[in-house]
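Open the structure in your viewer and keep the selection tool at hand. The stops below can be taken in order.

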Amino acid sequence: MSASIRARGAADDADKKQAVAGIHEKGRITSAPSSARFNAALADFGLIMSLIFGGCCSNALTLELTTKQLPASGTLITLAQFVATTLISLVGEVEWTSAFGIPVLWLKRPSVPIRRWLIQVVLYFFTSILNNSAFAYDIPMSVHIIFRSGGMLVNMLLGYTVDGKRYSFLQLASVCLVTVGVVVATMSAMSSSDSATFFLPSTTESDYLFGVLLLSLALFTSGFMGLFQERTYGKYGRQHWHEALFYSHLFSLPLFLLQSRSLSNQIREANATPREWLSMCQTCRFNKLGLHVPSYYVRLALNVFTQLLCINGVNRLTSRVSSLSVSLVLVVRKAVSLVISVVLLNGQAGSISLWFGAAAVMVGTIGYTYGGAKRRPVPHAKSA
């Protein structure tokens, strides 16, 4: 009797030890995937930050270098960017299908009606043309960065008048702060004693004001585009951003025929720039594997490449975090780009008015986004 009791007790102890060992083993098994997920998330976040701060800041730098060499090449820059983005985003928008029994690659059936993309295409095309054309009137990159961050006033006016949106006091105050910052920064570049370091000798005050007018028009076309895009996403879902990216660039390409004369002149000027030797080994003494290309195209290629990195990073960030977090990251990115442009590239300290305007725009942007995140969304007054 006692032997059987001892036997059952030993068996119970063995079962307990096995259960405890199983619990520890289960803990080790479940902790490994958690650690792997954390490391993967950390690596993904690091990649996104590298794409945004490396790609977007480098894109602003290469754009300034390109437009300094040929200020009136905005249409050529826009065409190169659109062609590259169309080719890259084509991946994911094609599929294998059968034509007369022969397998061929063809475009997928779009999830959003083509007519909606066509409207957005026209707005996006003119926004890009206006922004890049402003460099022909020697708008400094610093003002360009700050001015393009000031579209919230236009967005608020359109949202209030067209969509019937209502805004919090924090959002209203933030927009006022951003507007003041844009005006101060814009005027500072025109009146600064350091303006000679930014402007070409032939630049006049009227030229500068016309460039500001182009940027202002770009804010309105961008505002209408954003409003229409919000309605499209609200009706069909935000998961179609890649489709929007592809069609907005693809359908814009025929519109460049409207700029054919200007484009041919810009290509002629680009071909006349000093040539640079490109090869696989720049330091090799007897290297004949290479070619001479106009130096403008080297800068243009770098600008297009960095823009693709920037788009990739922003889209990845948008799909993973809230809009407030996206705005915070992009505000910091623009601040870094501003420092690179003014301090590193132009070797200037910048005026007090410029930095005050930049600070006002960035603080206002954060306040506006935070106010929108805290406020419950109001339904649209009109349907799309």
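This is a predicted model: local features need pLDDT of at least 70, side-chain atom pairs count only at pLDDT 80 or more; totals for chains, interfaces and linings use all residues.

**Stop 1: the annotated spans**

Begin with the record. The unreviewed UniProt entry lists "transmembrane region" for residues 38–62, 82–105, 117–137, 143–162, 169–188, 208–228, 326–346 and 352–373. Colour these spans, then check two of them.

Select residues 117–137. Here the chain is 81% helix and 0% strand. The end C-alpha atoms of residues 117–137 are 31 Å apart.

Now select residues 208–228. This span is 100% helix and 0% strand. Its end C-alpha atoms lie 31 Å apart.

**Stop 2: α3 against α8**

Select helix α3, residues 114–133, together with helix α8, residues 241–250. The two pack at an angle of about 60 degrees, and their axes are 8 Å apart. That angle makes α3 oblique to α8. The crossing of α3 and α8 is right-handed.

Show side chains next. On the α3 side, pick I114, W117, Q120, V121 and Y124. They meet E243, A244, Y247, S248 and H249 of α8. How do the residues of the contact of α3 with α8 divide into nonpolar, polar and charged? Six are nonpolar, three are polar and one is charged.

**Stop 3: α5 against α7**

The crossing of α5 past α7 is right-handed.

For the contact itself, display V154, N155 and L158 from α5. From α7, display L219, F220, G223, F224 and L227. By class, the contact of α5 with α7 has six nonpolar residues, two polar and no charged.

**Stop 4: α2 against α10**

Select helix α2, residues 74–90, and helix α10, residues 295–318. The axes of α2 and α10 come within 10 Å and cross at roughly 45 degrees. That makes α2 oblique to α10. Look along the pair: α2 passes α10 in a right-handed crossing.

α2 contributes L76, I77, A80, Q81, A84, T85 and I88. α10 contributes Y296, L300, N303, V304, Q307, L308 and I311. The residues of the contact of α2 with α10 divide into 10 nonpolar, four polar and no charged.

**Stop 5**

Which side chain does R299 meet in a salt bridge? The partner is E276, at 3.8 Å from N to O.

Note on methods: Residues are numbered from 1 along each chain as its sequence is written. Side-chain values use heavy atoms; hydrogens and water are left out. Axes are lines fitted to C-alpha atoms, for helices over the stretch in contact, and angles run from 0 to 180 degrees between N-to-C directions. Helices (H or I, at least four residues) and strands (E, at least two) are DSSP runs, numbered from the N terminus. Angles under 35 degrees count as roughly parallel, over 145 as roughly antiparallel, 65 to 115 as roughly perpendicular and the rest as oblique. A crossing is left-handed if the near helix is turned anticlockwise from the far one by less than a right angle, and right-handed if clockwise. Contact means heavy atoms within 4.5 Å. Ala, Val, Leu, Ile, Met, Phe, Trp, Tyr, Cys and Pro count as nonpolar, Asp, Glu, Lys and Arg as charged, and the others, Gly among them, as polar. UniProt positions are given in the numbering used here, feature names are shortened, and annotations may be inferred rather than shown by experiment. A salt bridge is a side-chain nitrogen of Lys or Arg within 4 Å of a carboxyl oxygen of Asp or Glu.
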